[in-house]
Amino acid sequence: MSGHTDMVLVDKKGMRIDGRKTDEHRPVHIEAGVLSNADGSAYLEIGKNKVLAAVYGPRECHPRHLQDPTKAIIQCKYNMQAFSVSDRKRPGPDRRSIEISKIIAEALEKVVLTELYPRASIDVYIEILQANAGTRCAGLTAASVALADAGIPMRDIVPAIAAGKADGHVLLDLNKEEDNFGQADVPLAIVPSTDEIVLLQMDGNMTRKEFDKAMDMAFSACHEVYEIQKAALKERYAIAKGDEDNE
Amino acid sequence: MEKRSARNAREVVVPGDLLDDSGMNAGSNAYVHNGKVYAGILGVKNVYHDTVGVIPLGGRYMPTTGDTVIGVIEDIGPSNWLVNINAPYPAPLHVNEVPWKVEFGDTSKYLNVGNVVMLKILMVDESKKIQVTMKDSGLRRIEGGQMVEMSHSKVSRVIGKSGSMIQMIKNLTDCRIFVGQNGRIWIDGDDENASVAVEAIKIIEKEAQSSNLTERVENFIKNRLPQKDNDREEY
């Protein structure tokens, strides 16, 4: 968003530096249930981003003063590994990761049926192993798969994806170069069954028209990511054909 | 346990999947939005008469009144013990709910941290406060043997249709087995027999979704414990 470059981010044919069209997202790969010690987990790759999410709980909430007698709370920790970016990231929570933890927890709170577990806490840990722009969306996408994998009652699974503007073009799912040298970045997360928005931020500047176009792109891409999330969960719990129960 | 219909296709659903839009009622783990029924948890779709629900595939054990569970003592108070029953909340066991006469402050003479007990869930209120009791036939402190943990959703497969699976394992391995509703299973018997019983339960856990499981587990045990147990059975 800040720097300037002579790089042509979108060529005359509308092709981007990684060979995508303007409304194309990076390839997404999701695997559910990758960690045996967590109650639920997911591993996600979107382009060069690599994210691991783990869910514990519902379990007793510590510290006690955070307990809510009417519902469960969701505690989220988004953490970037020191080796996740090209310059070593100083480990530990910083202003950015605290913000992202908070917005992801709030997005997940909208879909998890927290009132079923009063006084409990559901802990979500998101580790960014490799970052290439769009990690908050990748983290949220992975976290919601991990929550479903943990068998936590929820209304829906949350997919998230960013749209933005670079080189004067509205683009879907910015990569690192487009994010660094672009004009705007708009991450979006929705509840697919109702098309409610649970996360929307904007960094940079766009006209209203460009914003509407970015939202349209991000909405349809979210529905595509949603299908991938569902497929990952169903693959994990696939039941061999022709099986019947003899309980 | 909820009664289930004769099932034809077992369909795995994820949260947010549409279960029905023809006006059926929402069963367990399902919710209604705009007159349509959606899945509220990852599990298997379950249709029973005019109700459609989801049987969970995993998740945390949630105690219900009347369950028998295996708990581990976690903390001791002057008039109660706190028991870990694998639920999101610890279960207090009051001195009035144990089969012994306990003086105030003498709780640690009877049960100590780390002891394992069989319990029955007395009550769960709407704020999910749990009360448990040991005052019921067969409930006691467990000594010896070993404890196996598995997902509580697979306990019904370990028990089998009207107890067929567990009865078969007990008969063939000559072990004492107690299955807690919370997914903890206690097994006591000869070294070799007990380890075969543990392996049999691991097989059930791994292949809980497949059919003819009782038969396969039976063959497995007979293979592992060939002569002596079959001899004993013929007496």
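The model is predicted: local features need pLDDT of at least 70, side-chain atom pairs count only at pLDDT 80 or more, and totals for chains, interfaces and linings use all residues. Residues are numbered from 1 along each chain as its sequence is written, chains are lettered from A and ligands numbered from 1 in the order in which they are written, and side-chain values use heavy atoms, with hydrogens and water left out.

**Nonpolar cores**

- The largest nonpolar core has 95 residues, and I126(A) and I85(B) have the most contacts inside it.
- Helix 4 (residues 208–236) of chain A gives this core its largest share, eleven residues.
- A second, separate core of 26 residues includes V179(B), I187(B), A200(B) and V217(B).
- A nonpolar core is a set of buried Ala, Val, Leu, Ile, Met, Phe, Trp, Tyr and Cys residues joined through side-chain atoms within 4.5 Å; buried means under 20% relative accessible area, exposed over 50%, and partly exposed in between (1.4 Å probe, protein chains only).
- Helices (H or I, at least four residues) and strands (E, at least two) are DSSP runs, numbered from the N terminus.

- Three strands of chain B form an open sheet in the order 14-16-15, with antiparallel pairing; two strands pair if DSSP finds at least two bridges between them.
- Strand 14 (146–149) and strand 15 (176–179) of chain B are the edge strands, each pairing on one side only.
- From one strand to the next, the twist averages 20°.
- Strand 15 of chain B is joined by four bridges to strand 16 (residues 184–188) of chain B, where I185(B) is the bridge partner of V179(B).
- Helix 4 (residues 191–206) of chain B packs on this sheet, touching strand 14 and strand 16 of chain B, and its direction makes about 10° with that of strand 14 of chain B.
- Axes are lines fitted to C-alpha atoms, for helices over the stretch in contact, and angles run from 0 to 180 degrees between N-to-C directions.

**Other strand pairings in chain B**

- An open sheet of three strands has the order 2-5-4 in chain B, again with antiparallel pairing, and its edge strands are strand 2 (18–20) and strand 4 (30–33).
- The twist in this sheet averages 45° from one strand to the next.
- Two bridges link strand 2 of chain B with strand 5 (residues 36–39) of chain B, and L18(B) has Y38(B) as its bridge partner.
- Strand 6 of chain B pairs with strand 7 (residues 51–56) of chain B in the antiparallel sense over six bridges, with K45(B) opposite V54(B).
- The hairpin of these strands has two residues between them, and H49(B) takes a positive phi near 50°.

**A buried loop residue**

- V98(B) lies in the loop between strand 10 (91–94) and helix 1 (107–110) of chain B, and is buried, with a relative accessible area of 1%.
- W81(B), L93(B), M134(B) and K135(B) touch V98(B), not counting residues up to four places away in sequence.

**Cavities**

- There are three cavities of 30 Å³ or more, and the largest cavity holds about 80 Å³ of space.
- The largest cavity is lined by 13 residues, of which I46(A), C137(A), A138(A), A160(A) and I161(A) lie nearest its centre.
- On a 1 Å grid over the protein atoms alone, a cavity is a set of points where a 1.4 Å probe fits but cannot get out, and lining residues have an atom within 4 Å of a point.
- Grid points are joined across faces, edges and corners, and a volume is the space filled by probe spheres set on the points.

Technical notes. Contact = heavy atoms within 4.5 Å. 1 Å grid on protein atoms, 1.4 Å probe; cavity = no way out; pocket = protein on both sides within 12 Å on 5 of 7 lines; lining within 4 Å.
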